[in-house]
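Me: Could you help me read this model one step at a time? Please start with how residues are sorted into classes.

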Amino acid sequence: MIKIEDLSKQFKKDVWAIRNLNLTIPTGMFGLLGPNAAGKTTLMQILATLLNPTSGTVRINGRPLSDAEEIRQIIGYLPQFIEIYPHMTGYDFLDYIGVMKGMNDPRLRKSAIDTILEKVNLQTKAKDKVRTYSGGMKQRLGIAQALLASPEILIVDEPTAGLDPEERIRFRHLLSEFSIKRTVLLSTHIVSDIESSCQRLAVMKQGVLAFVGSQRQLQARAEGKVWQVEVKEEQFLRLVGNPEIQLIHSRRIPGGIQCKLIASDSPTANALSLSPSLEDGYLALIGGEAS
Ligand SMILES: Nc1ncnc2c1ncn2[C@@H]1O[C@H](COP(=O)(O)OP(=O)(O)OP(=O)(O)O)[C@@H](O)[C@H]1O
C-alpha cells in the first residue's frame, strides 16, 4: 500500500508540479490518468525515491521515503524513458539489475531472468546486444527489469507507448497477474490501458488530484453529456468553435458529418444522447486538456 499525505513538489518559484496531494493506493492495479504536465511523472519519481518532495509525507508498505535504500529493494520502477547501455546484451543487463537488487545467488538469478525474459517475449533476443533491439523490444526489456526480483510495489510510467497492439495486451495480462498480491501503479494518458485492468483510479490535472474512485464513478462524470449529431459542414464549424462543446471524433457521412461531442446540453435539436464510456468521463472531467 502507498499512503501519500499532503504531498507537494515545487520546481521553481511559480512551478508547482504537485500541490497538496492526498492519495491511498491499495493492493491491486491502480490507474493514474492525466494530461501532459499533470504531475504524474513527478509523483512517480518521488515514490521511486529519485526526487525529494518539497513537503508532505509518503509511506510505502509502511516505510517513509527517508528509508530510500529499503524502498528501492521493494520497488520496481519503469521510467517513461529508459536508458539501457547499448553494448550490453539483454541478458547481461538483467543480470546487472538483478545484482543491484540484491539477487546474490547466481542460480536463482538466472532462473528469475529466464522466467521474466519468457514473460516479456524476449527469450530469443536475450543474447543480442541492446543496440540491435527495436523500440518495443527495449520497452519490454525495461518492463522485465522492473518486474525482476518480484518487487512488492511496481510503478510504471507510460509503459505501453511503443508497444504494438499484441504486446500491449500481453503486457496488460502480465501486470494483472503480477498485481494479485501486490500494488501496481500504472500511469498513462491512454484510457484503454486502464479500462481493462484497474478497478480504482485517480486523475491528476495541473498538479492536483481531480478525481479518485471507480471506473463507473469516472464514467458517470459524462452522464447526460455525450451526444451524437449529424450536421452539415457550416453547422459543424459552429459546433467546433463553441468553447462549451468538446469534439470527441467526427467522420464524413453522405450529406454531412457525424460527430460525437461532450456538451452539458443537447447541442442540436436532433442530437442523440449516448451512454458515456470511461474515456468520455475522463474527457468531461479534464475539459479540453486531453493529450
Ligand atoms: N525538473 C524539472 N524542472 C522544472 N519543471 C519541471 C521539472 N520536471 C517537471 N517539471 C514541470 O512540472 C510539471 C509536471 O510535469 P510531469 O512531467 O510530472 O507531468 P506528467 O503528468 O508526467 O506529463 P507527461 O504526461 O507529459 O509526461 C510540468 O509543468 C513540468 O514542466
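Reply: Ala, Val, Leu, Ile, Met, Phe, Trp, Tyr, Cys and Pro count as nonpolar, Asp, Glu, Lys and Arg as charged, and the others, Gly among them, as polar. Numbering starts from 1 along each chain as its sequence is written. The model is predicted: local features need pLDDT of at least 70 and side-chain atom pairs pLDDT 80 or more, while totals for chains, interfaces and linings use all residues. With those classes, the shell around the ligand has two charged, five nonpolar and seven polar residues.

Me: Which element gives the largest share of the shell around the ligand?

Reply: The ligand is surrounded by 14 residues (C-beta atom, placed from the backbone, within 6 Å), and the closest are Phe11, Ala17, Asn36, Thr41 and Thr42. At least two shell residues each come from β1 (2-12), β2 (15-25) and α1; these are DSSP runs numbered from the N terminus, helices being H or I of at least four residues and strands E of at least two. The largest share, three residues, is supplied by α1.

Me: Which strands stand at the edges of the six-stranded sheet?

Reply: The open sheet runs β6-β7-β8-β3-β9-β10 with mixed pairing, where a pair needs at least two DSSP bridges. An edge strand has a single partner, so one side is left without a neighbour in the sheet. That describes β6 (75-78) and β10 (208-214).

Me: Which residue of β7 does isoleucine 75 stand opposite?

Reply: β6 and β7 (residues 153-157) pair in the parallel sense, over four bridges. Across this pair, isoleucine 75 faces isoleucine 153.

Me: What angle does helix α1 make with β7?

Reply: Helix α1 (residues 40-47) packs on the sheet, touching β3 (28-33), β7, β8 (183-188) and β9 (200-205); contact means C-beta atoms, placed from the backbone, within 7 Å. Angles run from 0 to 180 degrees between N-to-C directions of lines fitted to C-alpha atoms, for helices over the stretch in contact. The angle between α1 and β7 is about 150°.

Me: Is α10 largely enclosed or open?

Reply: Helix α10 (residues 278-286) lies across β3, β9 and β10. Its buried residues (20 or more other C-beta atoms within 10 Å; exposed is 12 or fewer, partly exposed in between; C-beta atoms placed from the backbone) include Tyr282 and Leu283. Seven of its nine residues are buried, so α10 is largely enclosed.

Me: How far apart do the centres of the two domains lie?

Reply: An automatic or database assignment gives domain 1 (2-218) and domain 2 (224-275). Their C-alpha centres are separated by 38 Å.

Note on methods
Two residues are in contact if their C-beta atoms, placed from the backbone, lie within 7 Å.
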